[in-house]
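The sequence and structure come first.

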Amino acid sequence: MSILSIQGLTKRYGKITAIEHLTLEVEKGMSFGILGPNGSGKTTTLGIVLGIIHSNAGEFQWFDGQYGQGHRRHIGALLETPNFYPYLNAVENLEIIAHIKKIASPRITPLLEMVNLYQRRHSPFRTYSLGMKQRLAIAAAMVGDPEVLIFDEPTNGLDPQGIAEVRQTLKEIAGMGKTIIMASHILDEVEKVCSHVAIIKNGKLLATGTVGAIISDDMVVEVGADDPASLGELLRKHPLVRQVEEKNGHLLLYLREEVSASTINRLAFEHGIALSHLRVVKKSLESEFLAITSRES
Amino acid sequence: MLTTKLKTNMFFLLKLEWKKLNKLTAFRIFIAFYLVLLPTLLLLGKRIPELPPPMMTNEVLFIFPTVWEWLAYVGNWLCFFFFGFLSIITITTEYSYRTMRQNIITGLSRKEYFLAKLYLLLAISTFATVYYTLCALLIGYFNTPAIYWHKVVQNAWFIPRYFLMCFGYMSFGALLGFWIKRTGIALFLYLSYIMFLESILRWGVHMQLWKHRSMHFYPMNAVEDLTPLPFTQMADEFLSSYGFSLFLSPVEAAVTTIVYSGIFLFLGYKLVQRADL
């Protein structure tokens with residue numbers, strides 16, 4: 001079943017085109033990552049499909065239209081900053097969310113326990129730290145157990161422990177078979193949580209598909225030698241090496257399959273080159289992402 | 001069938017507004033001030049037993065049927081301040097907290113969001129009017145030496161006028177709230193428009209303060225004329241020297257207020273529909 005279908009969505013702010021003819025399809029059960037650098041149109045796209053921003057062209061449909069105008073009551077969303085009534089406490093704020101979603105008996109206590117706010121449930125929202133606000137927003141998105149969850153930069157402003165906790169929560173939600181749509185500029189986050197990904201830049205869709213298909217599984221090895229030119233020449237010819245890049249006087253090897261560091265060392269030594277540097281880099285999502293986004297610009 | 005649905009939706013939205021407002025300090029203070037000040041300000045008249053002509057004695061303030069007029073005049077000031085302010089604050093704070101945006105993301109349609117505010121204005125105006133009626137009846141009952149039913153109800157048409165007056169102020173405040181979105185500036189504009197901008201506008205259009213009775217048909221002047229200062233003799237003097245009445249007739253004021261409130265709320269609705277949040 002289609003959860004969200006976006007067709008040719010366009011949004012202009014004066015002369016600036018925030019998103020241009022964007023087409024996306026999100027199916028039930030996917031955890032769908034929207035990946036792009038800051039200002040690429042992620043939040044604008046989510047803002048449009050959540051009804052708070054008007055588009056200039058194109059259309060979108062939720063749940064194949066089965067809930068009509070009330071579709072947002074079946075979606076839990078956290079968009080940018082958490083927005084709550086500052087003079088109300090956590091429980092009262094979540095009760096307002098539940099009221100709008102028309103949920104008769106919201107299970108607020110377990111939600112607050114899940115995000116670790118139960119102890120502070122009677123403090124006004126304005127007294128919360130940034131991390132607590134963010135966690136309350138995650139709890140708010142889950143009020144009423146919605147079919148779809150939307151998170152925009154969910155780990156923004158959290159400390160490392162908070163980031164780990166939120167990611168764990170997101171993975172658990174995905175494991176429950178819920179559909180997740182997550183926007184992020186952090187690749188690592190998308191890779192850890194999502195099954196599918198769309199990469200956008202300057203409002204244009206650059207690539208979309210499963211995470212495995214989009215972000216290749218190359219192994220990256222950093223090598224150095226006294227004579228980098230001949231080392232480069234040697235390695236470029238090798239069948240396992242897909243690409244060689246120079247970086248800070250070292251060479252970055254993108255290997256088609258995993259090989260041990262000693263294999264590379266032996267190869268160089270056999271050709272009379274002594275390596276001065278050899279380091280296995282974890283496959284570089286960051287550089288892959290940068291490569292995709294810079295190719296198109 | 002349709003009316004049941006409408007009623008359900010109205011109570012659903014009013015309950016939502018109540019959840020938002022009942023802990024808001026400004027809301028509690030404004031309501032408390034209104035409840036205390038409406039009877040108190042009128043009863044302060046007891047301290048001034050001798051009044052200048054044409055009234056001579058303070059008893060007209062408290063007896064049927066004139067208690068309706070005097071209490072309505074006091075209420076006019078209170079509604080202008082407290083409920084006009086409240087109308088602005090309940091709307092602008094939802095912009096500054098970005099909770100209007102969140103309400104819509106959570107599931108309200110823009111129409112529902114607007115209707116919630118409209119129902120709130122209607123509910124507060126009703127509440128203010130019921131309290132006014134109660135106070136007028138009680139003050140009249142305890143101060144009128146001989147109570148005749150026809151005297152009690154002689155000025156009862158002040159009740160719907162009072163409601164419209166309160167609703168008129170609030171719908172003007174609502175438009176400013178939806179339009180300006182910032183509490184401070186919206187409050188400032190609201191106050192200055194009613195206190196002097198409308199007079200300046202009137203002067204700008206007619207080049208004179210009092211020239212023709214058409215100049216009464218400005219929105220806030222009409223709202224004020226719904227429950228004006230009850231100096232009938234002063235008004236008569238004005239009539240003889242300028243050739244037209246100082247105040248709009250109640251029916252004219254009511255119709256003018258309804259038309260303007262309709263326009264203000266329609267514009268507010270359009271602003272809610274159009275805005276990117």
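Two strands count as paired if DSSP finds at least two bridges between them. Helices (H or I, at least four residues) and strands (E, at least two) are DSSP runs, numbered from the N terminus. The model is predicted: local features need pLDDT of at least 70, side-chain atom pairs count only at pLDDT 80 or more, and totals for chains, interfaces and linings use all residues. Residues are numbered from 1 along each chain as its sequence is written, while chains are lettered from A and ligands numbered from 1 in the order in which they are written.

**Four-stranded sheet**

Strand 11 of chain A is joined to strand 12 (residues 250-255) of chain A by six bridges, and the two run antiparallel. Within strand 12 of chain A, A:L253 is the residue opposite A:V244. The open sheet of four strands has the order 11-12-10-13 (chain A), and its pairing is antiparallel. Strand 11 (241-247) and strand 13 (275-281) of chain A each have a single partner strand at the edges, so one side of each lacks a neighbour in the sheet. On average, neighbouring strands of this sheet are turned by 20° against each other, direction ignored.

**Six-stranded sheet**

A second open sheet has six strands in the order 5-6-7-3-8-9 (chain A), with mixed pairing. Its edges are strand 5 (75-78) and strand 9 (204-210) of chain A; each has a single partner strand, so one side of each is left without a neighbour in the sheet. From one strand to the next the twist averages 10°.

**Contact between the chains**

Chain A contributes 23 residues to the contact and chain B 20 residues (residues are in contact if their C-beta atoms, placed from the backbone, lie within 7 Å). On the side of chain A that touches chain B, helix 2 (residues 90-100) of chain A gives the most, with five residues.

Methods. Axes are lines fitted to C-alpha atoms, for helices over the stretch in contact, and angles run from 0 to 180 degrees between N-to-C directions. Two residues are in contact if their C-beta atoms, placed from the backbone, lie within 7 Å.
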